[in-house]
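Biologist: I would like to go through the labels used for this model one by one. For each label, please give the cut-off and then the value that is set against it.

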Amino acid sequence: MRHQILTWSLPCLVALFCLPQRSDAADVQSSVSTQETYVNLPFTLQIQINNANEHEKPVIPAVDGLEIVPQGTPSRSYRTTTINGRTTKRNTLTYLYSVTATREGTFIIPAIKVVADGQETETGAMRIVATQSETDDLMFVEIVGNEAEIFVGQALQLSLKIWIRAYRDKEFNITLNEATMWSLLSKKTQWGNFAESMKKMSKNRQRPGGKLTLREDSEGQERGYLLYEIDATVYPDRPGKIDGADVRILVNYPEELGRTRSPISILGNDFFRGSSIFNDDTLGSFGTQLAITRIRPIVAETEVESITVKPIPEEGRPADYRGAVGQYRIVSEAGPRAVKVGDPITLNIGIAGKGPMDVLRAPPLADQTSLTRDFKVPNEPLAGFVDGTQKVFSTAIRPLREGTTEIPPIEYSYFDPQQAAFVSIKSDPISITVDAADVLKLDSIVGTKPATPKGESSQEPLATRSDMDYSQSLEAVLSIVPRPGTLPPAMLVAILLPPMFIVALTLFATRHHLSSMVSASRRFKRSMARAITPHEVAAGLEQFLGSRFRLPTGRMLRDQTVGKLRAAGDSEIAIEVERLYRDSDRLSDADSPDRLRQNAKAIVAAICDSKRYGRSPMGINRLNPTSTAFLLAVFLSPITMTLATAQDPPSNSSSNSPSNSPSNSPSNSSDVQLTDTPQQDNTSLDGQPQQSLTQAATSLSRLSEGQAGQLLKEATRMYTNGVQETDNARGKTAFAKSAEKLQLLVDSGFANDRIFANLANAQARAGNGSEAIANYRRALRYAPTDQLYREQLASAEAGFDLKETVQAGSLIQLRKFNDLILRVISPKLMLILAFCAWWSAWSMVAWRIVSSPQHWKVPATCLLVIAMTAFTSYRLRVTEFTADDQAILVQANLSLRAGDGTEFDVVRELPGSDGRLVRVLTQRGQWHKVEFEDGSTGWLPNTALQII
């Protein structure tokens, strides 16, 4: 028995130590970076899930007084360990959270439940103590203004002053300079009214400079402080006191310096630069080994000088006052000045001065009786755009009666805070001439909304990005326009028509030589088979010899054929031909032509067998090499132009339709048509409340003309409300609602450049810059030569950091150079130039065929070069937005994954990625594989991008 146990135990021990062991069972661990912290000083909570094949994301319970925020995506690590022949595999998934205490006290982070491999595991509870960090006169914050009393809407210059005592380490005898102290400001700092100034400085890679000053501390002793000043201009929108409640400066003040193993200090390159307040920079090169090893957050109370904001007085307020505060002047211009009754006159009103131009509202033209007495004016608020120090409003007015001689002065009222009084100003009158009209169509006059007669378009104002007020018809906006192809049929016909005409003209001019396309010997055999008289035999031989030597037909053809044979040095054949001609004239038609036929055949056989007559003597010098090369270039130029403009062909993609929703779910064809899908609600949407209209438009795949028109009117009204709204938040809400209405129209199938451009305008004003970029590019797919759309796209892209990550290729460099040229010559003018030069070149070729001019090759060649260059320039602009496999990222922070799911590893993090253009390679489910400019690829969910 003992022998059997020993016999089996040895192999078991070998297998136990030699075979790889399975991974440990799944377990969950949690920890915090510290258990003692300061208020507003973040620390890290870490949760590790080990050896789990499947798990659910941990759910962190809310803790009163603690802010717990995830830090990016979880990281995964793998480790394999072999000890004494035993292999252990371990994979760890780590979740990190930033935890910040918002008040003083003791906090308990309760046990966290995590489900791993189907089993629920709890971590241990963790106890955290947070104490308040006292300022200790280390920092002072003040807000000062240039006025003690101002009115609502009046410009107020504010200055934020931050005094920070530079940290000095006694052990190392080191004083931190102003650049390092500024870098210690926490990211949780709240700037309030100074946020816009900080954004501008950050965009320009600037920061406030700290200067050394003396200031009394709380005990009245003067100490050295670093003073940082930030200026801002604000326009108070309500009466009361200016306070600093929205400004909260938080600094992670150092408490200790220490040495680090790394030779590069985390204090940065400026640690020992600049002046020390103690003029003691003694460590030299050893300073780069120092780092801040302990900090504590300090927050100073913001002191604000007493500034009172007074309301605009009601007494003496003019009826046309619209909230303008400052000093302004008004000018107006109009055109045309010679019109008929009912004709539109464009009236531009410019208001310039000192004040908040963005919120400036247009003068109420409908309330000015001096203007409405002789003109029909719009009764809705006007949108305008800011141009430097002025704001311009544009509208259309129509004269009502014959004999009107001027547009009266436009009145405008504002409140002057320096005089503390209302001021009314007027523009100069504008002289015009109004003649009688045959028929006055008042229904077409802007400002009223009567029922539009059938066949006439109703006008609805839709604003551009620059708030320029223009009118677009319902038929133009609510239309389904096929996206133009890379080479439209009309353009292809215009290119091919001239060479086709030249071919036809050439065939007509050389029609007498067309018979040479058929073999002369074959035609001779046919004529001999049909010949029944001696005269017909001689005529067949005469025709053969004339074709052989390319001789013109005429009375002297016989003598010319004999002469050509003698000139070629074959007198015997010439004698035989001459004898045959005499015999045919001597014999009557009744005589048998057999002998003559045999002689003619023998002559032709001798000529065909002789190498002397292999080529026509006349045809040897028919075309010289220069003419041949030029004609070849002329006939190949259409193909060359087509290939030159096909460098950027659109790829065949199934995602041809524009999609504006995050799910990219609208129609999948660029030639969108309204489908007859079943509707859940057949009730007409005309006249319904706003909520029912939105719900019905969402649920229906097809909208009637009335429904679409109602949605467009609501979108226009909301956009106008957003332009006129003085509160920024409410204005963005109005723009967002306008974009929502326009999105419903796009989702229902309407597709054209105007609806996409107006949707992009609303999204840009609502703050959705990345979605606006996508829709501006969709508009350019339908109208690639529209310069206004390109300017709007450039304005939208200016708000993003869209720097090129790779060196621009030759095509991109060529397009940049081409854009410089197209700033001087518009794309449409370039296309006109191309076709004018193209047709002129072919006209010179036609002239050559008809009249044989002396000088035609050089000008025709130059015209062809101009045509090809201009057309290539035009096509480079057009093809820039025709690719179907492009998309715009619409989320700021993304994780590029290795596969189509969240379970795949993160290839790279994409902070600030919204607004970037990527190429879509393929789609799998709800994920897209994309390629970036630098060639890197990865997978993103469809909610992260919008396919153009």
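Modeller: Contact means heavy atoms within 4.5 Å. By that rule, and leaving aside neighbours within four places in sequence, N818 is in contact with S873, L876 and R877. The model is predicted, so local features need pLDDT of at least 70 and side-chain atom pairs count only at pLDDT 80 or more, whereas totals for chains, interfaces and linings use all residues. Residues are numbered from 1 along each chain as its sequence is written, and side-chain values use heavy atoms, with hydrogens and water left out.

Biologist: Why is N818 called buried?

Modeller: Buried means under 20% relative accessible area, exposed means over 50%, and partly exposed is in between, with a 1.4 Å probe and protein chains only. N818 has 4% relative accessibility, so the residue counts as buried.

Biologist: Which helix holds N818, and what makes a run of residues a helix or a strand?

Modeller: N818 lies in helix α19, residues 810-822. Helices (H or I, at least four residues) and strands (E, at least two) are DSSP runs, numbered from the N terminus. The protein comes to 21 helices and 42 strands.

Biologist: How many of the residues are buried, as a percentage?

Modeller: Buried residues make up 42% of the 948 in the protein. Among contacts with a separation of 6 or more, 70% are between residues 24 or more positions apart.

Biologist: Where is S427, and why is this residue called buried?

Modeller: S427 is in the loop between β31 (421-426) and β32 (430-431). Its relative accessible area is 4%, so S427 is buried. Beyond four places in sequence, S427 is in contact with I330, V331, S332, P409 and I410.

Biologist: What makes the pairing of the S427 and S332 side chains a polar contact?

Modeller: A polar contact is a pair of N or O atoms within 3.5 Å; within protein, one must be able to donate a hydrogen and the other to accept it, and residues adjacent in sequence count only if both atoms are side-chain atoms. The side chains of S427 and S332 make such a contact at 3.2 Å. A polar atom of the S427 side chain also lies 3.0 Å from the backbone nitrogen of I410.

Biologist: Is E142 buried or exposed, and which side chain does E142 join in a polar contact?

Modeller: E142, in strand β11 (residues 139-145), has a relative accessible area of 18%, so E142 is buried. A polar contact of 3.2 Å joins its side chain to that of R215. Not counting residues up to four places away, E142 touches S159, L160, K161, W163, R215 and E303.

Biologist: What puts the charged end of R215 over the ring of W163?

Modeller: A charge sits over a ring if NZ of Lys or CZ of Arg is within 6 Å of the ring centre and within 35 degrees of the ring normal. The charged end of R215 sits over the W163 ring, 4.4 Å from its centre. R558 lies over the face of Y581, at 4.9 Å from the ring centre.

Biologist: How many aromatic pairs are there, and why is the pair F151 and F415 called edge-to-face?

Modeller: Rings of Phe, Tyr and Trp (its six-membered ring) pair if their centres lie within 6.5 Å; planes under 30 degrees apart count as stacked, over 60 as edge-to-face and the rest as tilted. The count comes to 14 aromatic pairs. The F151 and F415 rings have centres 4.8 Å apart and planes at 70°, so the pair is edge-to-face. This pair links distant parts of the chain, with F151 in strand β12 (residues 149-151) and F415 in strand β30 (residues 411-416), 264 residues apart. F151 is buried at 10% relative accessible area, and F415 is buried at 0%.

Biologist: Why is the pair Y719 and F735 edge-to-face?

Modeller: Their ring centres are 5.0 Å apart and their planes are at 65°, so the pair of Y719 and F735 is edge-to-face. Y719 lies in helix α14 (residues 705-724) and F735 in helix α15 (residues 728-747), so the pair ties together parts 16 residues apart in sequence.

Biologist: What makes a set of residues a nonpolar core?

Modeller: A nonpolar core is a set of buried Ala, Val, Leu, Ile, Met, Phe, Trp, Tyr and Cys residues joined through side-chain atoms within 4.5 Å. The largest has 47 residues, of which L160, I162, M181, W191 and I249 touch the most other members. Apart from this core lies another of 39 residues, among them F756, A766, Y782 and A783.
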